[in-house]
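Hi everyone, thanks for coming. Please take a moment to look at the model on the screen, and then I'll talk you through it.

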Amino acid sequence: MNTLLIIDMQNAWLNNPAQPCFDSAGVVDRINHAARRIRAQGGQVIFVQHADADTGIGSAPWQVIPALEQAATDSTVQKLAGDSFAATDLAAQLAASATTTLYISGFATEFCIDTAVRAAASRGLQVVVLSDAHTTADRPHLAAPAIIAHHNWVWSGLPVPADSSLAVRTTAEAFPA
């Protein structure tokens, strides 16, 4: 089964005028396209939501941004660390659905997306990073487009265990219209 992870696309980070995310409208459109295609294929969509001292579970900042389409069949994972697998039921959800290919999208490229990519590949999954469906904000040392390009490049050549694979594809390549 194919599964799409949508990581940390929450009000706290995507609706923060002090740190706007790169191409957020385009990223949202591409994530919605991927989610519609996954659902149409009988796959699953999992929204991962980060909580911390400023973003409590259930609070307005914790909510998934309204621009993302959510279906009643989608599931959620609540996390308290950068790793979507750490102290969550994500691995159990993927095992229960017999996920073989895991598509990864969301926020923030250099933190939670990078960690999810590496953690998933180390667990024997076939991982596909949607190269144009993850985002971040400018950082003091590097602009967001450079952060995104750098990570897409790293993931393209990252060695993974023999029972895993890691590919970097645009949303259009992974889910042709």
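I'll start with how to read the model, then go through the sheet, the helices, the cores and the cysteines.

This is a predicted model, where local features need pLDDT of at least 70 and side-chain atom pairs count only at pLDDT 80 or more, while totals for chains, interfaces and linings use all residues. Residues are numbered from 1 along each chain as its sequence is written, and side-chain values use heavy atoms, with hydrogens and water left out.

Let's begin with the sheet. In what order do the strands sit in the open sheet? The order is 3-2-1-4-5-6, with 6 strands and parallel pairing. Strands here are DSSP runs of E, at least two residues long, and helices are runs of H or I, at least four, numbered from the N terminus. Two strands pair if DSSP finds at least two bridges between them. Strand 3 (75-79) and strand 6 (165-169) each have a single partner strand, so one side of each has no neighbour in the sheet. From one strand to the next, the twist averages 25°; angles run from 0 to 180 degrees between N-to-C directions, with axes fitted to C-alpha atoms, for helices over the stretch in contact. Strands 1 and 2 share 5 bridges, and Ile6 has Phe47 in strand 2 as its bridge partner.

Now the helices. Helix 2 lies across strands 1, 2, 4 and 5, at about 145° to strand 5. Helix 5 (residues 144-157) lies across strand 5 and strand 6, at about 170° to strand 5.

What about the inside? A nonpolar core is a set of buried Ala, Val, Leu, Ile, Met, Phe, Trp, Tyr and Cys residues joined through side-chain atoms within 4.5 Å. Buried means under 20% relative accessible area, exposed over 50%, and partly exposed in between, using a 1.4 Å probe and protein chains only. The largest core has 25 residues, and Met9 is one of those touching the most other members. Helix 2 gives the largest share of this core, 6 residues. Apart from it lies another core of 23 residues, including Phe85 and Trp155.

Finally, how many disulfides are there? The count is 0, a disulfide being a pair of cysteine sulfur atoms within 2.5 Å. The sulfur of Cys21 is 12 Å from its closest cysteine sulfur, in Cys112, so it is too far for a bond. Cys21 is buried at 11% relative accessible area, and Cys112 is buried at 10%.

Methods
Contact = heavy atoms within 4.5 Å.
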